[in-house]
Amino acid sequence: MAKLSLDEIQKVALLARIELSDDELVVASSEISSILDFVDTIQNTDTAGVELTSQVTGLTDVWREDLVEKCAIAPKLLLASTPDMQDGYVKVKKVL
Amino acid sequence: MPDLNYLSITEAHELLVAKKISAQELTEFYIGKIRNLNPKIRAILTVCESQALKQAKKVDTKIASGAEIGLLEGIPYTAKDMFLTKGIRTTAASKILEDYIPPYSATVIEKLDQAGAVLIAKVNQDEFAHGGSTENSSYHVTHNPWDLDRVPGGSSGGSAASVAADFGIFSLGTDTGGSIRQPASYCGVTGFKPTYGVVSRYGVIAMASSFDCVGPVARSAKDAQIVFEVIAGKDSKDSTTIALSDKTPRDKKPVGKLKAVFYDDEDSNVVSKGVAAIDSSLLNIQTEASIAELVPLELALAAYYVLVPSEISSNLERYDGVRYGSKAKDSKDLLDSYMKTRSEFLGPEVVRRNIIGTYALSAGYYDAYYKKAMQVRTLIIQALNKVFESNDAILVPTTLEPAFKLGSKSDPVEMYKTDLLTVFANLAGVPAISIPIGFEPTTGLPMGLQIIGKQGDDIKILAIAKHIQSDSNWHNKLKELKL
């Protein structure tokens, strides 16, 4: 596996919404490359025709009664840990 | 006052029923113990003294009224900081949740609360459970009670250390790739990871949703089972839960003799000797040279370290500084606020796993990593099923070595390798327990044996562990610990 370039790491870090300094990028590039080397053994395994496993319970289409349940938690309590608020609303930077 | 050190659940229950001690006295004893000894061990993140005493008082009122009490009523316990606890700070050992006070409790915490158990402290762990030593906590390291220079294991290191140091009679942990069993092994205690789905994950901070399991850390398999039976069961708030009775026969004693295969990998001499001493009246044990021929461990570990970071990168998107949690000051726009918040408040291993997972799921790499790893997961399940066709249980050491020195594994890949013998149980969602099986002669440190069963065979696995503990004394050596 080729070493991940600084540009590639930067691109992935942006997708992951994590800011990395120039020094952190260098460290991440080497660490991530060695982790990818380590997991690359899966590439050498023949998996032709093998099913994918995304969960292990075997449950499918779990439904519940279509009933409205009242939330037991007061909205005020739900918002108690919100870092930035105004007039009872969550405040975010301008999106558009 | 009777000696309250290292009580089992049943012993504490009997003292409460006989009124030799009150629930409040028992709670105060444990809080006192934490106060005196925790500065050495540093297993605790938050002590919940007032809530604990309130709960204990309720139990005392019930006892005074002459009503019968359940086995867990008045029993002090600790919980990993992954479990939401209403009104009690819950951090996942991350700075991004430093001031987070949940508005509700996890289902398992509710269940224990209703059973009358007394939560006395939230304990340390690797940040978001990412790690195998508790050194990735954003607060402080935790010391192994057997040797303060060594790690307690992880990620439920605070749970295992708190049970070993007797800061609670049991603890709740989470196990995504060995995070209950490995620290249990390092700390000489019993740790049980149930079948995936039999214990609710509602209100448990998510790491990797198709792997995460909740289970007890205790001083014996008997105690672990008492806790497990209270926390297990279908939960309408977690659609991946399975009722225990769906898969687990409720008869406590397995019928007839059980067959197990023991894999003696590498230099686990201590474990082999321990296994050789197991009384064969319940269990026929056949020893094989290596597990690697039947279950490709390296491959399982590699698939695990693709799938788990992928699920992590998806689950941890929520920590964006908007609805709750810490938020960076001085950002210029929304994207900048996300980037700065996550960079400032997430620790290095959490950042690494988010980047790996994002990479594995990104366009162009999905097939090579995520899809391929999901196929390898199928191969591992098939390999295990084959072993279970002719065996009730797989026995294998929990770890290759005893607890390592603090700071000795700074390379992330070296740390991942400590999960070699535990992750395959999570890939397959099968139940697995780690029990103490001996002590490594040069260091005097405990080693663990894993007992792994088929999905739904939780009670059978616990029965085997109880059988071994009824005829051995490894799990009682904790009482000789001098802290």
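This is a predicted model: local features need pLDDT of at least 70, side-chain atom pairs count only at pLDDT 80 or more; totals for chains, interfaces and linings use all residues.
Reader: Let's start with chain B. How many helices and strands does chain B have?

Author: Chain B has 16 helices and 11 strands.

Reader: And how compact is chain B for its length?

Author: Its radius of gyration is 21 Å, close to the 23 Å from the globule rule for 483 residues, so chain B is as compact as a globular protein of that length. The C-alpha trace spans about 65 × 55 × 45 Å along its principal axes.

Reader: What share of chain B counts as buried?

Author: 60% of the 483 residues. As for contacts in chain B with a separation of 6 or more, 75% come from residues 24 or more positions apart.

Reader: Switching to helix packing: at what angle do H7(B) and H16(B) cross?

Author: Roughly 150 degrees, with the axes of H7 (residues 221–231) and H16 (residues 458–470) of chain B coming within 8 Å. Angles over 145 degrees count as roughly antiparallel, and H7(B) and H16(B) are therefore roughly antiparallel to each other.

Reader: Which residues meet there?

Author: From H7(B), Ala221(B), Lys222(B), Ala224(B) and Gln225(B); from H16(B), Leu462(B), Ala465(B), Lys466(B) and Gln469(B). By class, that contact has 4 nonpolar, 2 polar and 2 charged residues.

Reader: OK, now the interface. How many residues of chain A are in contact with chain B?

Author: 43 residues of chain A, in contact with 56 residues of chain B. On the chain A side, helices H1 (6–15), H2 (22–39) and H3 (75–78) each give two or more residues.

Reader: Which element gives the most?

Author: H2(A), with 7 residues.

Notes
Residues are numbered from 1 along each chain as its sequence is written. Chains are lettered from A and ligands numbered from 1 in the order in which they are written. Two residues are in contact if their C-beta atoms, placed from the backbone, lie within 7 Å. Helices (H or I, at least four residues) and strands (E, at least two) are DSSP runs, numbered from the N terminus. Axes are lines fitted to C-alpha atoms, for helices over the stretch in contact, and angles run from 0 to 180 degrees between N-to-C directions. Angles under 35 degrees count as roughly parallel, over 145 as roughly antiparallel, 65 to 115 as roughly perpendicular and the rest as oblique. Ala, Val, Leu, Ile, Met, Phe, Trp, Tyr, Cys and Pro count as nonpolar, Asp, Glu, Lys and Arg as charged, and the others, Gly among them, as polar. The radius of gyration is taken over C-alpha atoms; the globule rule is 2.2 Å times the number of residues to the power 0.38. A residue is buried if 20 or more other C-beta atoms lie within 10 Å of its own, exposed if 12 or fewer, and partly exposed in between; C-beta atoms are placed from the backbone.
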